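Keep the 3D view open while you read.

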Amino acid sequence: MLDFFTIFSKGGLVLWCFQGVRGPAAAATAPVNALIRSVILQERGGNNSFTHEALTLKYKLDNQFELVFVVGFQKILTLTYVDKLIDDVHKEFRDKYRNEFQQKGTLGLLNGTFDFKDDFMRLLRDAEESSKVRAPTVMKTFEQSLKSQKTVKCMIETRGEKPKEKVKNKKNKGSKKEGTEAVAAPGKASAGDKQLSTAGDREELTKDEILQKNREEFFKRHMKAGEKSNKSPKPEAQKEKGKKPRVWDLGNSNAKVLDYSNSATNGSAEACPVEEFDPDTALGDRNREPGRLYDLEYESNDETEEEKVIQNPSKPSAKKGGLGGMFGMLKGLVGSKSLTREDMDPVLEKMKDHLIAKNVAAEIAVQLCESVAKKLEGKVMGTFTTVTSTVKQALQEALVQILQPQRRVDVLRDVMDAQRHHRPYVVTFCGVNGVGKSTNLAKISFWLIENGFSVLIAACDTFRAGAVEQLRTHTRRLNTLHPPESHGGRTMVQLYEKGYGKDAAGIAMEAISYARNQGFDVVLVDTAGRMQDNAPLMTALAKLIAVNAPDLVLFVGEALVGNEAVDQLVKFNKALADHSMAQTPRLIDGIVLTKFDTIDDKVGAAISMTYITSKPIVFVGTGQTYCDLRSLNAKAVVAALMKA
């Protein structure tokens with residue numbers, strides 16, 4: 001049973017609507033608006049199904065007349081006829097009002113009356129009846145079964161015999177393996193002959209004779225083994241036990257400096273000596289503007305390539321005749337015709353392979369190309385427009401739209417808003433092991449300090465050895481770069497830690513309370529790295545987020561991953577939803593993309609992460625210094641992604 005079926009233009013004008021469930025007419029408004037915001041406007045049309053609360057929505061686009069057909073039904077129902085219904089309604093509605101759309105255009109939509117109820121009810125009845133009519137299942141005859149292929153002899157089992165093992169034919173064996181089998185074949189054949197002969201002899205012997213013969217063979221084998229061990233040569237002199245340490249050419253001079261075995265500091269902040277370091281090394285570019293978060297930069301070579309093409313337009317045509325050169329230039333042009341799927345398939349296949357090569361997850365690349373195909377199918381193109389350029393342009397627009405999500409995170413504005421309410425702004429960092437959570441937390445701390453906000457770092461990674469010491473070192477260096485004397489005697493960054501093996505959620509709660517009492521502006525909560533499949537650790541993370549209710553939950557992921565990025569984000573969100581006790585569980589709010597300086601133009605992880613979560617990339621880590629923090633520039637990322 002359908003809840004509703006609606007037809008509207010891409011401009012938002014509802015042409016016709018059917019409501020199958022009694023209730024207010026606005027019951028279909030919220031699901032359709034959610035579909036428009038989350039799928040159609042975000043260029044996520046790879047899948048024609050969309051779930052909103054208790055409803056499943058399926059839709060179809062008509063790009064020639066700019067129409068959208070949407071059907072909604074309860075997601076607990078399995079309606080097999082919906083796809084056929086939406087195709088039949090699309091075809092019937094187009095054919096019935098084609099002339100009105102072509103002649104009047106937009107005025108036809110505004111002033112037209114679309115009486116489509118009788119046609120729709122007829123199509124609905126036909127679709128429901130077609131789903132009920134199914135061919136009856138026919139039982140197999142004895143000749144079609146596997147049992148008929150077996151002979152009577154193979155089904156007879158003699159007493160005392162072992163059942164024959166099934167031999168599996170392995171195809172595509174390596175040449176090396178075949179060679180070794182070919183060499184060993186004569187030996188195997190002779191051994192097989194011996195086994196056959198002994199098996200034939202044993203059938204004639206009694207049980208006692210067989211037992212006696214087995215004993216004799218056993219003693220013979222052991223006697224031969226003893227003779228071989230006596231004839232073996234004497235072993236060489238035994239090597240010295242123990243492992244000698246390797247001596248490096250440049251290692252002797254630094255051995256005393258690196259020896260911390262006699263240190264009595266035991267990691268305490270007061271006893272640790274303050275190491276000397278170069279501020280220029282920690283800061284990187286000295287000419288930058290303090291507190292500014294620069295955009296990612298990427299220089300594309302498309303303009304230079306276009307200039308080369310424009311400079312030499314006559315070289316190819318010089319070799320051919322006048323008409324041949326003219327027709328060669330016009331080859332591949334669409335020529336005011338509507339695009340079909342057959343026209344776009346070769347180009348989309350190349351685009352899909354290109355996206356996968358750029359580190360976009362394979363599933364996301366397929367959905368992107370499918371979305372572009374649905375957007376362009378049936379669209380009438382200009383005379384001098386190639387299919388390749390049209391598809392490429394549509395894909396670029398879709399990628400830019402994906403990288404500019406619905407909600408933009410402005411951390412500085414939110415921190416100032418929290419200041420007005422006299423409370424600290426809390427940010428929690430989570431992610432898998434080794435992606436750079438602590439390092440990028442220190443970079444964000446430095447950026448906040450340069451914008452005049454005091455930071456309290458909560459060391460809630462109580463599992464990894466050295467995690468607290470790493471944050472302590474970052475705190476000490478940040479205080480060296482921004483000493484209290486430069487800020488009116490106010491300590492700009494401080495570490496709150498309780499050691500190892502403690503409850504992370506409790507430490508975070510104490511840190512937030514301490515920051516509120518001491519007047520800190522921001523609390524950055526560092527958590528232990530955990531794999532997305534580790535249920536106990538994911539439960540602990542969900543507990544930390546549910547108990548402390550941070551203002552921002554950032555997932556830290558590295559730009560090196562491809563398909564793994566999708567798996568990590570999906571399972572992190574699922575684990576946070578499953579292990580949370582709240583009715584509306586808190587999920588990931590944004591992404592920190594790290595190690596962006598190591599991937600050149602293979603920037604596909606940014607597309608995969610934003611596509612699967614619809615969450616913005618808030619920060620991008622581009623190096624090892626405190627200043628290597630950037631904001632995402634969607635056009636720069638797409639330019640790098642589309643580079644050949």
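**A walk through the sheets**

Eight strands make up an open sheet of mixed pairing, in the order S8-S7-S9-S6-S10-S11-S12-S13. Its edge strands are S8 and S13 (629-630), each pairing on one side only. Strands here are DSSP runs of E with at least two residues, helices are runs of H or I with at least four, and both are numbered from the N terminus. Two strands pair if DSSP finds at least two bridges between them.

This is a predicted model, in which local features need pLDDT of at least 70 and side-chain atom pairs count only at pLDDT 80 or more, while totals for chains, interfaces and linings use all residues. Residues are numbered from 1 along each chain as its sequence is written, and side-chain values use heavy atoms, with hydrogens and water left out.

Strand S8 covers residues 493-496 and runs parallel to S7, joined by four bridges. One of the contacts to find is Ala458, whose bridge partner in S8 is Tyr496.

Why is S7 described as largely enclosed by the rest of the structure? Six of the six residues of this strand, 455-460, are buried, so the rest of the structure largely encloses S7. Buried means under 20% relative accessible area, exposed means over 50%, and partly exposed lies in between (1.4 Å probe, protein chains only). Val455, Ile457 and Ala459 point one way from S7. Leu456, Ala458 and Cys460 point the other way, and all are buried.

S12 (residues 617-621) pairs with S13 in the antiparallel sense, over two bridges. Gly621 stands opposite Leu629 in S13. UniProt, in an unreviewed entry, lists residues 616-629 for "domain: SRP54-type proteins GTP-binding". UniProt positions are given in the numbering used here, feature names are shortened, and annotations may be inferred rather than shown by experiment. Over residues 616-629 the chain is 43% strand and 0% helix. The end C-alpha atoms of this stretch are 16 Å apart.

The structure holds one cavity of 30 Å³ or more. A cavity is a set of points, on a 1 Å grid over the protein atoms alone, where a 1.4 Å probe fits but cannot get out; lining residues have an atom within 4 Å of a point. Grid points are joined across faces, edges and corners, and a volume is the space filled by probe spheres set on the points. The largest cavity holds about 40 Å³ of space. Its lining includes Val411, Phe429, Leu448, Leu524, Leu554 and Phe619. S6 (425-430), helix H16 (437-450), S9 (522-527) and S10 (552-558) each give two or more residues to this lining.

S1 (residues 2-9) runs antiparallel to S5, with seven bridges between them. Leu2 stands opposite Phe73 in S5. S4 (residues 55-62) also pairs with S5 in the antiparallel sense, over eight bridges. Asp62 has Leu67 as its bridge partner in S5. The hairpin of S4 and S5 has four residues between the strands, and Glu66 there takes a positive phi near 60°. Seven of the eight residues of S5 (67-74) are buried, so this strand is largely enclosed by the rest of the structure.

Finish with the cysteines. How many disulfides does the structure hold? It holds zero, a disulfide being a pair of cysteine sulfur atoms within 2.5 Å. Cys369 counts as buried at 6% relative accessibility. Cys430 is buried too, with a relative accessible area of 0%.

Technical notes
1 Å grid on protein atoms, 1.4 Å probe; cavity = no way out; pocket = protein on both sides within 12 Å on 5 of 7 lines; lining within 4 Å.
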